[in-house]
Structure formats: C-alpha cells, structure tokens
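My notes follow the order in which I looked.

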Amino acid sequence: MKQRERLYWRCRRGLLELDIVLQRFLDKYYAQLDEAQLNTFESLLLLPDNDLWDIISSKKEVPSENLKSLLKLLQQS
C-alpha cells in the first residue's frame, strides 16, 4: 500500500472531528511534507483519539517541540 493511502487509512478515527481534520490535512499538505514531517505526523497518529483531539484543539500542551510546526498546519486545516 502506498504511503499516502496508508496514512489516509490511519486518519480514520473514532472521533468524526479527527477524521475530518486529519483527512483535510492530508489532502491539503501531503505533497508539501518532507520525510521528517511525515514521520512526525505518523507519530501523532499513535496518540489516543482524545489526546490527539485535545492537542489539535489547543486544550492540551504539545508533547514535544518538533510537533509544533506540524500542529500549526493541522490547526489551519
């Protein structure tokens, strides 16, 4: 399976809000992301749904500095 298709499948979550934000993000930014950003995005997808949603919606602090730039893009999606 191609990387984009695999990521798109992994963006299907238990929370509809996450599905929408993550899939829009991939549609809009996938072609522009470098390998490091793609790896960071994959690490975000390892988080539980509620934690990920709280981070995207700014209810929780970003767990690491290298996620901040990617989260800004996610929040703009």
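**Ground rules.** I am working with a predicted model, in which local features need pLDDT of at least 70 and side-chain atom pairs count only at pLDDT 80 or more, while totals for chains, interfaces and linings use all residues. I number residues from 1 along each chain as its sequence is written, and side-chain values use heavy atoms, with hydrogens and water left out.

**Whole chain.** I looked up the secondary structure and found five helices and zero strands, in the order α-α-α-α-α along the sequence; helices (H or I, at least four residues) and strands (E, at least two) are DSSP runs numbered from the N terminus. The radius of gyration, taken over C-alpha atoms, is 11 Å, which agrees with the value near 11 Å for a compact globule of 77 residues, the globule rule being 2.2 Å times the number of residues to the power 0.38. Along the principal axes, the C-alpha atoms fill a box of roughly 35 × 25 × 20 Å.

I then checked contacts (heavy atoms within 4.5 Å): among those between residues at least 6 apart in sequence, 61% join residues at least 24 apart. The accessible surface comes to about 4,900 Å², with 50% of it belonging to carbon and sulfur atoms; these areas come from the Shrake-Rupley method with a 1.4 Å probe. Of the 77 residues, 35% are buried, where buried means under 20% relative accessible area, exposed over 50% and partly exposed in between (1.4 Å probe, protein chains only).

**Core.** Which residues have the most contacts inside the largest nonpolar core? I noted Leu22, Phe25, Phe41, Ile56 and Leu74, in a core of 22 residues; such a core is a set of buried Ala, Val, Leu, Ile, Met, Phe, Trp, Tyr and Cys residues joined through side-chain atoms within 4.5 Å. Two or more residues each come from α2 (16–29), α3 (35–44), α4 (49–56) and α5 (68–76), and the largest share, six residues, comes from α2.

Leucine 22 is in contact with Cys11, Arg13, Phe41, Leu45, Leu52, Ile56 and Leu74, once its neighbours within four places in sequence are left aside. Phenylalanine 41, in helix α3, counts as buried because its relative accessibility is 0%. Not counting residues up to four places away in sequence, phenylalanine 41 touches Leu7, Cys11, Leu22, Phe25, Leu26, Leu70 and Leu74. I also took the C-alpha to C-alpha distance from phenylalanine 41 to leucine 67, which is 8.2 Å for residues 26 apart in sequence.

**Loops.** Is arginine 12 buried or exposed? Arginine 12, placed in the loop between α1 (3–10) and α2, is exposed, with a relative accessible area of 52%. Leaving aside neighbours within four places in sequence, arginine 12 is in contact with Asp19 and Gln23, and its C-alpha atom is separated by 8.0 Å from that of glutamine 23, eleven residues apart along the chain.

Proline 48 lies in the loop between α3 and α4 and counts as partly exposed at 47% relative accessibility. Serine 58, in the loop between α4 and α5, counts as exposed at 54%; its phi is near 65 degrees, a positive value in a residue other than glycine.
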